[in-house]
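User: I'm new to this one. Can you walk me through it?

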Amino acid sequence: MDFELLHDYLQSKPGAEIDFPFDPGTLVFKVRGKMFALIMLDVQPLQMNLKCDPFKAQALRDCFPAISPGYHMNKRHWNTLLLDGSLPDELILSLADESYALVVKGLPKTLRQALD
């Protein structure tokens, strides 16, 4: 997955904001102050954390060696994707969409409506 494509895709989500709240090596994408994606910039290959339905998260880990429990995150709800070229770009973007949707779904109704 090309970093520029991924960055632009995540940033294009309605209400998406970029932040570095932890350190200069961890790029965080938020919607209304809630994280939906993190990219670890200081490791090669890049790694990305995405929120995921707990049952799907485990199924993905079982199917793809490049997907593991979320590094420094709630292991039940977050996955870490190793962006080493072994995961299809379509899967990565689809999982990013799902992560964003899960976070938006958890926002108060007024904040969700403001994204439309």
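This is a predicted model: local features need pLDDT of at least 70, side-chain atom pairs count only at pLDDT 80 or more; totals for chains, interfaces and linings use all residues.

User: What holds strands of a sheet together in general?

Analyst: Strands of a sheet pair through backbone hydrogen bonds, in a parallel or an antiparallel way.

User: Over how many bridges do E2 and E3 pair?

Analyst: E2 and E3 pair over six bridges, in the antiparallel sense. One of the pairs to look at is Val28, whose bridge partner in E3 is Leu38. The hairpin of E2 and E3 has two residues between the strands.

User: Is E3 mostly covered or mostly open?

Analyst: Mostly covered: five of the seven residues in E3 are buried.

User: What about E4 on the E6 side, how many bridges there?

Analyst: Strand E4 (residues 47-51) and strand E6 (residues 78-82) pair over five bridges, again in the antiparallel sense. Asn49 has Thr80 in E6 as its bridge partner.

User: Switching to helices. Which residues of H1 are buried?

Analyst: In helix H1 (residues 3-11), the buried residues are Leu6, His7 and Leu10. They cover an arc of only 100 degrees around the axis, which puts them on the same side of H1.

User: Why would residues a few places apart point the same way?

Analyst: An α-helix has 3.6 residues a turn, so residues three or four places apart point the same way.

User: What do the buried residues of H1 pack against?

Analyst: They pack against E1, strand E2 (26-31), strand E3 (34-40), E4 and helix H3 (89-105).

User: How many residues does H3 have, and how far does it reach?

Analyst: H3 has 17 residues and reaches 24 Å from its first C-alpha to its last. That is close to the 24 Å expected at 1.5 Å a residue. Buried residues in H3 include Leu91, Leu95, Ala96, Tyr100 and Val103.

User: Next topic. How many salt bridges does a search find?

Analyst: A search of the whole structure finds three. In one of them, Lys13 pairs with Asp97, and their closest N and O atoms are 2.4 Å apart. Lys13 lies in the loop between H1 and E1 and Asp97 in helix H3, so the pair ties together parts that are 84 residues apart in sequence.

User: Is Lys13 buried or exposed?

Analyst: Lys13 counts as buried, at 14% relative accessibility. Asp97 counts as partly exposed, at 27%.

User: Which side chains meet in the other salt bridges?

Analyst: Asp19 and Lys30 meet at 3.1 Å, N to O. Asp19 lies in strand E1 and Lys30 in strand E2, so this pair ties together parts that are eleven residues apart in sequence. Then Lys56 and Glu98 meet at 2.6 Å, N to O. Lys56 lies in helix H2 (residues 54-63) and Glu98 in helix H3, so that pair ties together parts that are 42 residues apart in sequence. Lys56 is partly exposed at 31% relative accessible area, and Glu98 is partly exposed at 26%.

User: Now the backbone. Which peptide bond is cis?

Analyst: The bond from Gln44 to Pro45 is cis, with omega near -5 degrees. Pro45 is found in the loop between E3 and E4.

User: Where is Arg32, and what is its phi?

Analyst: Arg32 sits in the loop between E2 and E3. Its phi is positive, about 50 degrees, although Arg32 is not a glycine.

User: And His72, where is that found?

Analyst: His72 is in the loop between E5 and E6. Phi of His72 is near 60 degrees, a positive value in a residue other than glycine. At 65% relative accessibility, His72 counts as exposed, whereas Arg32 is partly exposed at 31%.

Methods: Residues are numbered from 1 along each chain as its sequence is written. Side-chain values use heavy atoms; hydrogens and water are left out. Two strands pair if DSSP finds at least two bridges between them. Helices (H or I, at least four residues) and strands (E, at least two) are DSSP runs, numbered from the N terminus. Buried means under 20% relative accessible area, exposed over 50%, partly exposed in between (1.4 Å probe, protein chains only). The arc is that of the directions from the helix axis to the C-beta atoms. Contact means heavy atoms within 4.5 Å. The expected span of a helix is 1.5 Å times one less than its number of residues. A salt bridge is a side-chain nitrogen of Lys or Arg within 4 Å of a carboxyl oxygen of Asp or Glu.
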